[in-house]
Structures are given as structure tokens and as C-alpha cells.
Amino acid sequence: MPDPVSLEVVDGIAIVAIANPPVNALSQAVRAGLAGVFAAIEARDDVRAVVIYGSDRTFIAGADIREFGKPPLEPFLPDVINQIEACRLPVIASLHGTALGGGLEVAMGAHFRVADPAARFGLPEVTLGILPGAGGTQRLPRLAGAEVALDLITTGRQIGAEEALAIGLIDKIAAAGDPRTVGVAYAQDLVRQGAAPRRSSALPVQAVAPDVFEQARTRVAQKSRGQLAPLNCIKAVEGAMRLPFLEGLANERALFTELMGSDQRSALIHAFFAERQVAKVPDIKGVTARPIEKIGVIGGGTMGAGIAVAALLSGLKVTLIEREPEAVARAKANVTKTLEGSVKRGKLAQTKFDDIMATTFSASDDYSQLVDADLVIEAVFESMEVKKDVFTRLDAICKPGAVLATNTSYLDINEIAAMTSRPQDVIGLHFFSPAHVMRLLEIVVADKTAPEVTATGFELAKRLKKVAVRAGVCDGFIGNRILSHYRKAVDGAVLAGASPFDVDRALVDFGLAMGPFAVSDLAGLDIGWATRKRLAPTRDPREVYAAFSDRLCEAGHFGRKTGKGYYVYKEDGPCPNEDVLTHVADDRAAKGITPRAMSDDEIVDRYMAAMVNEAARVVEEGIALRPLDVDVTLLNGYGFPRWRGGPMQYADTVGLEKILADVARFAREDDFLWQPAPLLQRLVAEGKTFGDLNDA
Ligand code: T1G
């Protein structure tokens, strides 16, 4: 492996290049290289200034995350940055690509910062459950003020060059060019001006209003409920205000070390790598995707319009098909309204909007408009008959090689594919609503789907900036199959004694974005009702069927869309629908159940055990490739708290023995629902974890 840090001296300028692909992360070798190179520079008398830059596509994207959780290796980054800052010659960081985390901390340790106009900056540590631990919480408040520092450090948000210049993080935006040339030119200017080193650590901290930190705590309590890192970030910045630099640095280190040892840090790092690993799918390795430029969407309801918008926003041509002219007009209006919303929120330029409406978007009731589509996604009513009809028509019209996709949430894609003369081109692309917002895309591979069609699904996901997960065919694929199982478990908790409102509260406290009953109201209770009716003929007589939800539906209450479901939706927000308690009491009475008190802990244990147990089956059956695929699915489509890493990571954290023991405990009340998954039993017997399967 060549030395990742190189030094070259040209006309009195020491040029330090960092080459550690793919993102120039600060591995031990890079830290050691920087320390060695700066020691060498100090010893020379022919150098007037120093330039640091990153080779290839970026400056430094931060610490090497793969080293986390292992024993730390010297030299430590804070010391290396202090050494850079202490250099007796002006040090210039020339920034391009992304200067993130430890990378930005290196830049702040330099004395001057010049950036490419397209460069991005950020301290994303908080999103990994830690804080900037190499002086970032001490230098940024000195450069840009405590309020800016609190904002950037507690949110991890990235900023562009203009904003970085405005807040004083960088000194200059250069014309676009290669970072070496840009850095050397700036260094020569500075030398000509006789510039001396200018150390961030020596800058005074400006006083701020006394309530700034309290306000930050309130913000964090709302936005990052349950998370440790944002709170430690605030404490570290507070330290910068009241402590001398070196003591502030020591305070930062202590707060950093505390987070480094937390389960939240492990979970968030797991989520980071899982979201990258999930795209590594063996059956499409080396397979070339088919080119996609024009797509068709069948059905212009909420889902179809959302898919069309997602595609339009990523520059694809879209033709939306509806049944008759009025439906076409409604679909067009749906798409237009959503795009206008993007313009209002500043996510889409007006000129881009005009361009989309004039050239890339069309809607029609004529299927023949799809003759030249590269990919068609069906998002019509969830009925096998309707879908079969659509696929028969698509088969007759679409060009050879067009990918024919269904957005079904539950139905058998093999059966749909069998309606066509080209089952190899048929695939499931399961979007989540609203499709232009939700990041998850389940790519459902049917028995005859060709690998290049699967690869095309993954390419499309990348283009739409979605996280794609490969799933196999079964009722509900990965996410909805697991959902329907844990929904039964929470229904069981309600029959046993908890109220739906207790359940929602306990699970929101656990970290979910919304409780399961509030989610049902949002999705529409009629959806689950239709599924239950569809599955009724095949329902096992041993299943304890909770009927209280059916009572709500029979009374015409479908949740938010009708103003009433588990909650009543009023102007001033939702409140519990007390009628539900009567339906629940009736259901218990009919089943001869005497309700008992249930703790929040038990509610969470039931929920998690059901989720993990079913997920283990999903992995064992090959519906999900690995446990990490389940985690990515639940994190991105089902509001599972990222700082818990996903259900499988959670299970590994609490221990698989506990999950298995919980399954056995709950089986005493309902032994049909709570049958232990063989994979879970096997892992416990072998003393292994789900993580071991991810690594295999
Ligand atoms: N360490 C190790 N590997 C990394 C990495 C990192 N920091 N960042 C990315 N990779 C790998 C990634 O796993 C993938 O590998 C490949 O690089 C390309 O990434 C002391 C504590 C830089 C914006 O949080 O945000 O500094 O899958 O697919 O879309 O305070 O990666 O190909 O094998 O994401 O072009 C703070 C994390 C660290 C930045 C590039 N830094 N990275 O995005 O490519 S903590 C971060 C990113 C820290 C100090 C501390 C993005 C990116 P593989 P990619 P991309």
C-alpha cells in the first residue's frame, strides 16, 4: 500500500497530498503520515507555507469509521491537528468535495481555508452517535460563533461554500479548479502578503445570550428524543465558552469517549454501513442494468402520483396513465400540486418546474403512449384481478426489454408475471407513501426475474436517491410481512390488558416516530381491513383474531381520512377515541379474557420479540438476504429509531437469549402466535448473533 500522505516542496510551498481512497478517511496511516510530514516540514528551512489537499474526488470525509469500536491507535487525531495548527508556517487547507467530521476539523486546524465553489462542509458526527472529537466543538465556536456551532454540530447538516464563507468557516471561494493548483496559488498570495499563521484556537469566543444553550436543549429534546449525542454536543460547545482551549479540548474528549462506548453509537454506525452494504447483492454482481430514461406509471392516485414526482425530480421522463379523461385530469393535478409544493419549499427551481410541465411529464388514458417506455410501474388498486388486467395490456404494448414493475404491497408477483409472455422482465418495485419523500424501495425479485432487471431496479433506486433492499416474494415481502406479525402482537397486548393508547405511548417513548395504532389511522384502517378479509379464508383456526379494529371499520371509521379511527382528528390535533375502549372490552369479553395491567416494558418486549422473531423467519427463508436488509427496511420505511440500529441490531444488543426467552414467555398466553423461529433458536444454541450472519 503506497504512503497515503505525501510531501513535495515546490518553490517554497510544501504540498501535502492525502490519498486514501475512496474518501480520504483519517485512518491510522493517514494520521501517522500527517504527523511525520509536519515534523519534516518544521525541520526544513526552504518552506514558506504549507498546503493540504485531498487527491481525487474529495478532501477528507472524516475519521475512518471502520476503526470505531477497536482499540484506538496512536497518533490520535486531536494531537495531529494541534501539531498542524502549531506549525510555524502558514498552513492552507484547499477544500473540494466533502470536508466532513475529522476532515473539517483538520481544515479548522489549518490557518487559512480556500474552497471549491461546489465543496460541502459539515460535522456529521452526531448522526453517528458521537461528537466532533478532534477540536471541532472548540474551534468552530471560535470561528463562527456558538449559535452557528450548536446548529451545525447538533444537526450534522451540511452546508455549501457560500454559507461557509458567510459564517466565517472558510476564507475564500476560489474559481473551480483542481485543489492542488488552487491551494498553491492561494499560498503564494499569502506569502506575498507576508501572512502569519492564524490559529483558530487562539481566537476569542464571542459571548452569546444566556438562553442559547437552553434553547438548544429544548430543540434537541423535541427533534432527537432519546438520543445522547446531541446533548453531549451541547455540553462540549458550552465548554468552549467557559474553558480555556486546552481544557475545552479535554472536556470534549471526555464527552466523546462517553459516546464512543454507547450502544447508540454502535447502532448508528451499523445503520451507516448497512445502508451501503444493502446494495451489495450477489445475484447482480457485475450485471449491467438496462438504460432507463422514460418511465410509465399506471395509476395516478397518491402512490402513482408520488412515484411520478420522485422520477420527475430525478430528471426522468414520465408518462402517467389513468383510465378515463377525468381521472387523467385528477392525476395531473395531483402531480402538479406536489411539484408546486417542492417549488414552494425551495427544493425545485421554478424554471425546472416549467421545464418538467412542458417537456418531461405527460398524462394520458391511452396505453399506447407507453410503447417506448423503458420501465413501467403499475400502482393501481391492490386487487389481483385489476393488476392482471394491467399486465396483460402492458405485455401487448411495451417494447421488448422494457421492465414491467408492480408496486403491489402484498400480492404474489409470480402470479402477476405469469400473465405476461415475458416473466423475466417483471419485478416488484414497492414504494412507500409518500413515494417522493420516503427513502425505502423494496425490490422484489420473482422466480423468473432476470438479474439485469433486478440490477435495473437498483440503478433506478440510486437515481431516485432511495435506499433499495432486495426482497423475495411472500405475502408482504420483508417490511409488511414483519409488520403484520408485530401488529398481531400489539393487538394481543391490547386483548391482554393494555389500551391502544398505552401501546402507542410506550412505543413512542421507545423511539418510534409514531405508535402502531396512529400509523394505522394514517395509512387508513380500510387497508388492513381489506387484507384481513382477503386472508380470512386461509386463516388458521388457532389464531387469536382481534376483532376490535373491524368494529371501527364497520362503523365507517377509517382513521385520518374519515376524521376518526383509534384517534379523533380535530383542528387542535388528535385525541384518543374512547369508543375504541368499548370495542376492545367487548372483544375481550367475547373471548373470555380478564384484562390485566401491562407495563410499558412488557409492551416494548412484545413488540420487539414479535418483530425479531418474524424477521428471523424472513431471513431464514431468504426473503431478506441478511439481517442487515431487515434493519435497513425497518429504518427507512417503518419509522424504527435509527439510533437503535434496526430490530436485528437491537436484538444483538439486548441479547438473542432475551428475545428467545420473551417469545417463550408470551407463548404461555398465545402459543400459536409465539412460535420461536428456528433461526433464532439455532443462533442462541450456537452463541451467535445476527451480526455474525451479516459478516458471513
Ligand atoms: N470511514 C470509512 N469509510 C467511509 C467513510 C468513513 N468516514 N465514509 C465513507 N466511507 C466508505 C463507505 O462505506 C463506502 O464504502 C465508500 O466510502 C463510499 O461512500 C474525530 C469522530 C463521504 C459524503 O460521517 O457521508 O470524523 O461501501 O457510498 O455517496 O470528529 O460516505 O464502497 O465499501 O457513501 O459518494 C465523520 C461519512 C466521521 C462521513 C461520500 N464523517 N461518509 O458519499 O459514497 S466521524 C462522516 C459520508 C469523525 C472526528 C470523527 C459519505 C460521503 P464501500 P459512499 P458517497
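Predicted model: local features only at pLDDT ≥ 70, side-chain atom pairs only at ≥ 80, totals over all residues.
The shell around the ligand comprises 24 residues, of which Ala61, Gly62, Ala63, Gly101 and Gly102 come nearest. By class, this shell divides into 13 nonpolar, 6 polar and 5 charged residues. Two of the elements that contribute to the shell are strand β5 (98-100) and helix α3 (102-109), each of which supplies at least two residues. Both elements also take part in the arrangements described next.

Strand β5 belongs to an open sheet of 3 strands, in which the order is β5-β7-β8 and the pairing is mixed. The edges of this sheet are formed by β5 and β8 (159-160); each has a single partner strand, so one side of each is left without a neighbour in the sheet. In general, the strands of a sheet pair through backbone hydrogen bonds, in either a parallel or an antiparallel sense. Between β5 and β7 (residues 120-122), the sense is parallel, and the pairing extends over 3 bridges. One of the residues involved is Leu100, whose bridge partner in β7 is Gly122. Helix α3 lies across β5 and β7 and runs at about 90 degrees to β5.

Helix α3 also packs with helix α2 (residues 77-86). The axes of α2 and α3 come within 8 Å and cross at roughly 25 degrees. Because angles under 35 degrees count as roughly parallel, α2 is roughly parallel to α3. The crossing of these two helices, α2 and α3, is right-handed. On the α2 side, the contact is made by Leu77, Ile81, Ile84 and Glu85, and on the α3 side by Gly102, Glu105, Val106 and Gly109.

Helix α9 contributes Ala229, Asn232, Lys235, Ala236, Gly239 and Ala240 to the contact, while α10 contributes Gly248, Asn251, Glu252, Leu255, Glu258 and Leu259. By class, the contact of α9 with α10 has 5 nonpolar, 4 polar and 3 charged residues.

Key. Residues numbered from 1 in each chain as written. Near = placed C-beta within 6 Å. Helix = DSSP H or I, 4+ residues; strand = E, 2+ residues; numbered from the N terminus. Nonpolar A, V, L, I, M, F, W, Y, C, P; charged D, E, K, R; others polar. Axes fitted to C-alpha atoms, helices over the stretch in contact; angles between N-to-C directions. Parallel < 35°, antiparallel > 145°, perpendicular 65-115°, else oblique. Left-handed = near helix turned anticlockwise from the far one by under 90°. Contact = placed C-beta atoms within 7 Å. Pairing = 2+ DSSP bridges.
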